[in-house]
Amino acid sequence: MANVPLWAQLINLFAAVLLLLAFAMLAQRRVLTLIDLFAAQGFALACSTAIVAYATHQAHLYWSAGITLLLKVLLLPWLLHRLIRKLDVKWDVEGLINIPTTMLFGIVLVVFSFNLALPIAQLASTVSRATLGIAMASVMLSFLMMITRRKAIPQVIGFLSMENGLFFAATSATYGMPMVVELGIALDVLVAMLILGVFFFQIREQFDSLDLQHLEKLKESE
Amino acid sequence: MSPAALLSQLLQLAIAMLLAPLLLGWVNQCRAWLQNKSAPSILLPYRLIRKLFHKDAVVAVNASPIFRITPYIVFAAMALAAAIVPSLATDLPFARVADAIALVGLFALARVFIALAAMDIGTAFGSMGARREMFVGFLAEPALLMVLFTASLISGSTSLPTIVDSLAHSEIAIYPSLAFAGVAFTMVSLAENARIPIDNPATHLELTMVHEAMLLEYSARHLALIEWASALKLFNYSCIGLALFFPFGIAEGSADWLAIIGATPVLIAKLAFGGFALALIETLSAKLRIFRAPEFLGTAFLLAVLGMLVNQLLGG
C-alpha cells in the first residue's frame, strides 16, 4: 500500500466514502436526511474528481468537479428541500421491503459488482482503476433504492445518486468523458429534476398522495 | 522480557485502572455541557466507587455463589482486557496470551456471567435485563469480530500488538477499509457500552433499561466492582478504537522508557477527544426502540463486512 502515491490513496478513500454514503442512503428512513446524504455524496464525488484532475493534469476535469459541486451539492439539494417544503412531505421513507433485508440485498449487489469489475479493471490502464468496482456497486445500490422505495421523492434521489455513481465510474475508468458529454449530462439531470418536480405536483393533485403504487392502476374505479 | 516492556505493561494496566472512572466522569461532564445542564464533578465516579466500598453488602437470601463471584469475574476479565489492548506501547508481555479473537471472548465471558447473576435472583427486571443484554450481545459480537478481522487482513495477524504495530509503522497510508470498520466499530461500542442509541446509561426507568436492570440486586463492594468494570469496559473499547484507527503517538516495538512515558500524555489527549466525541454522539441521537437494535447492529455488521470486501478490492 505504501508504494501507491498519496493521491491514488485519496481517490480510493473517497471511493470508499461514496460507497459508505450509498449504503447510508439505503438505510435512511427520513427524507430530509436523505437529501443531506445525497449532497454529501456529491461533495465526495467533486473532491475525488478534483484529485484525479490534479494528478493527471487534465484541466477539463476541474470544470466537471466545479459543475458537480455547484449542481449536486448546492443546487439540487436546494431544489429538493424547496420541493419538500412546498409539497409539505416530511414523512418517513416507506420501503416495499424492510431495511435490514434491503441492506442484505445491497451487500449481495456489492459482491456481485466487485466480481464483475475485477476483469474489466485489469484491462484499464488508469491508476484509479480499482475503484471501478465501487462505482458499479454504488450504481447498483441506487438502483436498489429506486426499486424498493414506495414514494416518489426517494426514488428521484435514487435516480440522482445513480448518476453520481455513473459519473464516478467515468472518472475512475477513463479520466472523465469529453466536456460536451459531461455538460449534456449535467443539464439533463437538472432538467429531469425540474420536470419531475412538476410531475410531483401533478401526481399529488390526481391521487392526494405521492405513493407511486397508485400509478399502477389503469382504471379509475377499482 | 525486557524491563522496559514490563514497565510499559504495568504502567498501562495502572493507567487503565485509575483513569477509567475519570473517562466516565469526563463523558458525563461533556454530555451535561452539551445538554445545557450544570455538569457533575468529573471525580463523581471515584466518589461513587469509594462510597460503595465503605458500605455493607446485602445479598438476597436465595442468591447462589454465582451471584457472589460474578463481580470479581467481570472485573478480572475487564482488567485482563486492559492489559492486552495496546494503548501505550505495543511491546506487551501479557498480550501474547490472547489475540483479538480471545479479547472478544473475554468480553463475552463477562457478559455471560453478568447475565447469569442477573437471572440468579429470579426477579423480573433482572431476567428481562439479562435477556436484552444477550440479545444485544449476540448481534454486536460478530460485528466486532468482523471489525477486528478487517484490521487483521491489513496486517496479516490477529495479534493486537502486531496489528497496531503495522498500522502505526507504515508510512502515510490511507486504508479505505478502515473507514468502514471505524464506523462499524463506533456503532458496536455504543451498543456494547450501554450507550444512547441502544441503552440510556442515565436512566432508571424500568421499562427501557438494559444494563442497569441487571445490576438492581447488587450493593456495596459488588456494585462498586461492577461499576468500575463498566468504566474499564468503556476505557478498553476507547483504547481499541484509538489503537486501530488513530495509532499515532503509541510507543512502537521494543521502545525505551522515554518513549513509553511520552506516549502517556498523547493517550490522555486522544481519550479526552474520544470522550467528547462519544458525548456528542449521545447528545445528537435519540434512543432506539429495543426492536430497532437488530437493524442498528445489523448495519454495523454489514459495514464491517463491506470493509473486508473493500479491502479485497482495493488491496488495503
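Is the crossing of α1(A) and α7(B) left-handed or right-handed? The crossing of these two helices is right-handed. A crossing is called right-handed if the near helix is turned clockwise from the far one by less than a right angle, and left-handed if anticlockwise. This is a predicted model, in which local features need pLDDT of at least 70, side-chain atom pairs count only at pLDDT 80 or more, and totals for chains, interfaces and linings use all residues. Residues are numbered from 1 along each chain as its sequence is written, while chains are lettered from A and ligands numbered from 1 in the order in which they are written.

**Confidence and chain A**

The model has an ipTM of 0.72 and a pTM of 0.83. For chain B the mean pLDDT is 84, and 95% of its residues reach 70 or more; pLDDT is the predictor's confidence in each residue, from 0 to 100.

Chain A contains seven helices and zero strands. Helices (H or I, at least four residues) and strands (E, at least two) are DSSP runs, numbered from the N terminus. Of the 222 residues in chain A, 40% are buried. A residue is buried if 20 or more other C-beta atoms lie within 10 Å of its own, exposed if 12 or fewer, and partly exposed in between, with C-beta atoms placed from the backbone. Among contacts in chain A between residues at least 6 apart in sequence, 74% join residues at least 24 apart. Two residues are in contact if their C-beta atoms, placed from the backbone, lie within 7 Å.

**Where the chains meet**

The contact between the chains involves 22 residues of chain B and 22 residues of chain A. On the chain B side, α7 and α11 (293–314) each supply at least two residues. Helix α11(B) gives the most to that side, with 11 residues. By class, the side of chain B that touches chain A has 15 nonpolar, five polar and two charged residues. Here Ala, Val, Leu, Ile, Met, Phe, Trp, Tyr, Cys and Pro count as nonpolar, Asp, Glu, Lys and Arg as charged, and the others, Gly among them, as polar.

Two packed helices are described by the angle between their axes and the distance between the axes. For helix α1 (residues 6–27) of chain A and helix α7 (residues 176–192) of chain B, the axes come within 8 Å and cross at roughly 35 degrees. Axes are lines fitted to C-alpha atoms, for helices over the stretch in contact, and angles run from 0 to 180 degrees between N-to-C directions. From α1(A), the residues N12(A), L13(A), A15(A), A16(A), V17(A) and L20(A) meet P176(B), A179(B), F180(B) and V183(B) of α7(B). The residues of this contact divide into nine nonpolar, one polar and no charged.

**The nonpolar core**

A nonpolar core is a set of buried Ala, Val, Leu, Ile, Met, Phe, Trp, Tyr and Cys residues joined through C-beta atoms within 7 Å. The largest such core has 160 residues, and L18(A), A143(B), V147(B), F180(B), A184(B) and A304(B) touch the most other members. Helix α9(B) gives the most to this core, with 16 residues. Apart from neighbours within four places in sequence, A143(B) is in contact with A184(B), V188(B), L297(B), A300(B), F301(B) and A304(B).

In helix α6 (residues 160–169) of chain B, the buried residues are L160(B), P161(B), I163(B), V164(B), D165(B) and L167(B). They pack against α3 (65–84), α4 (100–120), α5 (124–155) and α9 (220–245) of chain B.

**Single residues**

V85(B) is found in the loop between α3 and α4 of chain B. V85(B) counts as buried because 27 other C-beta atoms lie within 10 Å. Leaving aside neighbours within four places in sequence, the contacts of V85(B) are L160(B), N236(B), C239(B), I240(B) and A243(B).

Most residues other than glycine have a negative phi. N36(B), in the loop between α1 (3–34) and α2 (44–53) of chain B, has a positive phi of about 60 degrees although it is not a glycine. N36(B) is exposed because it has 6 C-beta neighbours inside 10 Å. A220(B), in helix α9 of chain B, is not a glycine either and has a positive phi of about 50 degrees. A220(B) is partly exposed, with 16 other C-beta atoms within 10 Å.

| Pair | Apart along the chain | C-alpha separation |
|---|---|---|
| A259(B) and R47(B) | 212 residues | 33 Å |
| L74(A) and F43(A) | 31 residues | 9.4 Å |
| V85(B) and L267(B) | 182 residues | 13 Å |
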